[in-house]
Amino acid sequence: MTPDAFAALPGAVRDGDTISHFGDPIGEQRRLASGSAVVPLGDRTVIEVAGEDRLTWLDSITSQALTGLRPGDSTELFVLDPQGRIEHDAGVLEDGSSVWLIADSGDAEGLAAWLQRMVFRSRAVVTLRPELALVGFVDGGSAAEAVVADAPNGVPLVWADPWQQVQPGGFQYSQVVEHPGTELAWRVAIVTDPSSLAGGEVAGALAAEALRIAAWRPRWSFEVDERSIPHEADWIRSAVHLNKGCYRGQETVAKVHNLGHPPRRLALLHLDGSDAVLPEPGAPVFAGDAEVGHVTSSARHHEDGPIALAILSRRAPIGDLVVRADGVDIAAAQQVIVPADAGATAEVPRLTRLSRRPAGQDPRSA
């Protein structure tokens, strides 16, 4: 839930538990990117896992290697079903006494309930903590200095998004030389007094989403459906350890990575902005007359203009596509994130150099 101190600020436009913007979405986005603004994250929820067995127990039932975490370490995990499909996702922060899980609010209650059912004889206690407030910011600027995170066990509760680098045991399918995720030092803090931040620079959820999409960063609330497996969104990069012990869904993860190809693939779409229509999640994507996928997230980026993430069929052509939204066909230049031949992999060369697209330029010509 967004703290009242933020919701009461001039210009605040609420959308459920989030504030979309404070009257200046593009300006807020620039300030957020520069590290000078914070975002209240009313659509995320905290789960605390305490107890002596917390790390070994979570390690045994999730996709991430957790036993070596030290106080202050951050990572990400999945709970997968037996067929390797994504059921739950969470950021992970260890403080020496508890593991703090940060999940999208639509997923948190289900994740907490599943974890509670799986405790059995392990010395672990799972507690949903919806009363705790979360704020996001980009590290390196004045916002990082202003945020005073909670530290119940002496370690500030600031989760560092691991998407910035391929994590130990992870793998990147994208073949770009300069992955845009490396540019986003995203942090999420559990704050002691969120009202103290309302007097400084603030940004809304639209700003945070635009930076996320431009960094190709998937989210459970948008990029996950009942068919999703980690490979499709290049999510092995941050949330899967390929060399850890057995866990539910591991067989599918290993089989697709070593022997097969994911049936779908994530792509970034640079959208024609001349019609001022921004497609909503679920908007169909076409190659000619054939529907080849759908939009999962969209935003107006302060440098790139209208952009979207889309899940496409593996056999969708590499090239320009069309998104249909509100009866309008929107031209979409495609930037490949997950190649069609991802999986069945040895180490792949990083051959493509990604650059910002000048107005009107097809990203394939960059």
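**Close-up views of a predicted model**

View 1. Setting aside residues up to four places away in sequence, Trp186 is in contact with Leu32, Leu41, Gly136, Phe137, Val138, Trp159, Ala160, Asp161 and Ala208. Trp186 also belongs to the largest nonpolar core, a set of 50 residues in which Leu32, Trp186 and Trp235 touch the most other members. Helix α6 supplies the largest share of this core, with six residues. Elsewhere, a second, separate core of 23 residues includes Ile47, Trp57, Leu58 and Val79.

**View 2. Helix α6, residues 205–214.** Here is a helix worth a slow look. Because nine of its 10 residues are buried, α6 is largely enclosed by the rest of the structure. The buried residues are Ala205, Ala207, Ala208, Glu209, Ala210, Leu211, Arg212, Ile213 and Ala214. Among them, Ala208 is also one of the contacts of Trp186 from the previous view. Follow the chain just past the end of α6 and you reach Trp216, which takes a positive phi of about 65 degrees.

**View 3. His241 in the loop between α8 and α9.** Helix α8 covers 236–239 and α9 covers 250–259, with His241 found in the loop between them. Is this histidine, His241, buried or exposed? Its relative accessibility is 16%, so His241 counts as buried. The side chain of His241 reaches the backbone nitrogen of Asn243 at 3.2 Å. Not counting residues up to four places away in sequence, His241 touches Ser63, Gln64, Ala65, Pro168, Gly169 and Tyr247.

Key:
Residues are numbered from 1 along each chain as its sequence is written. This is a predicted model: local features need pLDDT of at least 70, side-chain atom pairs count only at pLDDT 80 or more; totals for chains, interfaces and linings use all residues. Side-chain values use heavy atoms; hydrogens and water are left out. Buried means under 20% relative accessible area, exposed over 50%, partly exposed in between (1.4 Å probe, protein chains only). Helices (H or I, at least four residues) and strands (E, at least two) are DSSP runs, numbered from the N terminus. A polar contact is a pair of N or O atoms within 3.5 Å; within protein, one must be able to donate a hydrogen and the other to accept it, and residues adjacent in sequence count only if both atoms are side-chain atoms. Contact means heavy atoms within 4.5 Å. A nonpolar core is a set of buried Ala, Val, Leu, Ile, Met, Phe, Trp, Tyr and Cys residues joined through side-chain atoms within 4.5 Å.
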